[in-house]
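Me: I have a model open and want to learn how to read it. Where do I begin?

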Amino acid sequence: MKVFPVKRLQGELKVPGDKSISHRALIISSLACGKCNISGFLPSEDCLHTLNCLRQMGVKINIYSPTDVDVVGVGLHGFQEPNSPLEAGNSGTTARLLLGLLAGQNFFSILTGDDSLSKRPMGRVVKPLQKMGANIWGRQNDSMLPLAVRGNKLQGITYDLPVASAQLKSALLLAGLLADSPTTLTEPSNSRDHTERMLRYFGVQLKKDNHTITIVPEQVIKARNIIVPGDFSSAAFFVVGALITPDSELIIRNVGVNPTRTGLLHVLQQMGAKISLFNKRMICGEPVADIHIVHSKLKGATVEGQIVPTLIDEIPALVIAALHADGETIIRDATELRVKETDRIAALVSELNKIGGLITELPDGLIIHGSQQLAGGSCESWHDHRIAMALAIAGLNVKDKISIKNSDCVAISYPNFFEDLASISITK
Ligand code: S3P
């Protein structure tokens, strides 16, 4: 994909459904007793992997339109043994959440994924599940896909999570529902809390006290309909695009603004960004708003500590904003970026430096040297959707143009990204 500089970004748009919430809507509806409708569903490659895995386990899912699906829940114990391996593709959320579910089912299953996912750490989920009594085997001491699971009755545990990971927390909450005694989890800091919110919306009792959650097993999950808000992580690319492109003004409607996801807004506002939220409302237990953004002069910032998990997926977008800010931006405590769809620290340094950026790599983050006019040129997505979209946003303000290899990976989370970007681009 080639991206040419634009005069400005202008107009209104709606981004597609939230990826994290779409996965959870499918999984939690499957565990419910009866039919649930999901509207605003994200029909991206990652979520379709979850959908197909659930179908392989006998869950009936009707797709009325790409964003409108019905799931007929089978209850906690109504899944069937899949007769072929479950394919999670590129999706960490599919693999990790389903591991929690599979560990407590009365059947055998194999879970696999693509090259990228097969290199990502699964031991963080497997180890505590094994403590709960799960039978899970795989390469590298049971820590990498493909994994074989012989489901059985689990015991509840009390467990301190070594990382703030919503995928890990969610896998253990799902396993906790299937166990024979309560499970108590403590996170080092808050990761996204969509699973807790959705379980409560479906009538499940959870006790939450600061970073500690307790779930009691064998609760009935009532069938409910879910409306999925727009994905803040997708909106983030346009937020940054409008901030760094002179004369831009944008409204993004119907975006999920769960505080465990919107750390980027706080950092950008601290950097001088003119961003406001309006029409704030609650939809199915999640806060939603419209976002208004105008081009702003930005200054560098330091980003570290507990805010990092709340903006971890937005760091590729934040780095583009930082390249246009006055002064340095330092991002630390972000080692998790090294085990995402690709090593995002290495990818951002390599690709942005190729097109004229100046970024220094740290073991746990990056130093971005601001006030840069990027030259443009050829770069590569590393088959990572968020790297591809960050590079595209960088391309809006280069001197010449940029050409992004393997940009079709945007379909992992945002199949129409380039069309939507074109719809708000006013070209020179
Ligand atoms: C996700 C959690 C985060 C995030 C990922 C989606 C989820 O990962 O980076 O894109 O849907 O639970 P971790 O659980 O590894 O922090």
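Reply: Begin with the inside. This is a predicted model. Its largest nonpolar core has 75 residues, and F238, L268, L352, L366 and F417 touch the most other members. The element that gives the most to this core is α8, with 10 residues.

Me: What does L268 touch, leaving out residues up to four places away in sequence?
Reply: The list is V239, V240, L243, A273, I275, L298, L318 and A321.

Me: Which residues does the second core include?
Reply: That core is separate and has 72 residues, among them A25, C36, V204 and I215.

Me: Now the overall form. How many helices and strands does the protein chain have?
Reply: There are 13 helices and 24 strands. The radius of gyration is 21 Å, close to the 22 Å that the globule rule gives for 428 residues, so the chain is as compact as a globular protein of that length. Its C-alpha atoms fill a box of roughly 60 × 40 × 40 Å along the principal axes.

Me: What share of the protein chain is buried?
Reply: Take buried as under 20% relative accessible area. On that cut-off, 62% of the 428 residues are buried. The accessible surface is about 15300 Å², and carbon and sulfur atoms hold 51% of that area.

Me: What share of the contacts comes from residues 24 or more positions apart?
Reply: Count the contacts with a separation of 6 or more. Residues 24 or more positions apart account for 75% of them.

Me: Next, sheets. In what order do the five strands of the open sheet lie?
Reply: Read across the sheet, strand by strand. The order is β16-β17-β15-β2-β24, with mixed pairing. At the edges stand β16 (274-283) and β24 (425-427); each has a single partner strand, so one side of each is left without a neighbour in the sheet. Neighbouring strands are turned by 20° against each other on average, direction ignored.

Me: Which helix packs on this sheet?
Reply: Helix α8, residues 232-244, packs there and touches β2, β15, β16 and β17. The direction of α8 makes about 165° with that of β15.

Me: Is β15 largely enclosed or open?
Reply: Six of the eight residues of β15 are buried, so this strand is largely enclosed by the rest of the structure.

Me: How do I read the pairing on each side of β15?
Reply: Check direction, then bridges. With β2, strand β15 pairs in the parallel sense over five bridges. There, E12 stands opposite I251. With β17, the run is antiparallel and has six bridges. E249 has V294 as its bridge partner in β17.

Me: How many bridges join β2 to β24?
Reply: Three bridges join them, and the two strands run antiparallel. R8 stands opposite I426 of β24.

Me: And side chains along a strand?
Reply: In a regular strand they alternate between the two faces of the sheet.

Me: In what order do the strands of the four-stranded open sheet lie?
Reply: Its order is β18-β19-β21-β20, and the pairing is mixed. The edge strands are β18 (302-303) and β20 (359-362); each has a single partner, so one side of each lacks a neighbour in the sheet. Four bridges join β20 to β21 in an antiparallel run. L362 stands opposite G365 of β21.

Me: Which strands does helix α10 touch?
Reply: Helix α10 (315-323) packs on the sheet and touches β18, β19, β20 and β21. Its direction makes about 25° with that of β21. Helix α11 (344-354) also packs on the sheet, touching β20 and β21. The direction of α11 makes about 160° with that of β20.

Note on methods: Residues numbered from 1 in each chain as written. Predicted model: local features only at pLDDT ≥ 70, side-chain atom pairs only at ≥ 80, totals over all residues. Heavy atoms only, no water. Pairing = 2+ DSSP bridges. Axes fitted to C-alpha atoms, helices over the stretch in contact; angles between N-to-C directions. Contact = heavy atoms within 4.5 Å. Rg over C-alpha atoms; globule rule 2.2 N^0.38 Å. Buried < 20%, exposed > 50% of the residue type's maximum accessible area, 1.4 Å probe, protein only. Areas by Shrake-Rupley, 256 points an atom, 1.4 Å probe, with all protein chains shown as cover. Core = buried A, V, L, I, M, F, W, Y, C linked by side-chain atoms within 4.5 Å.
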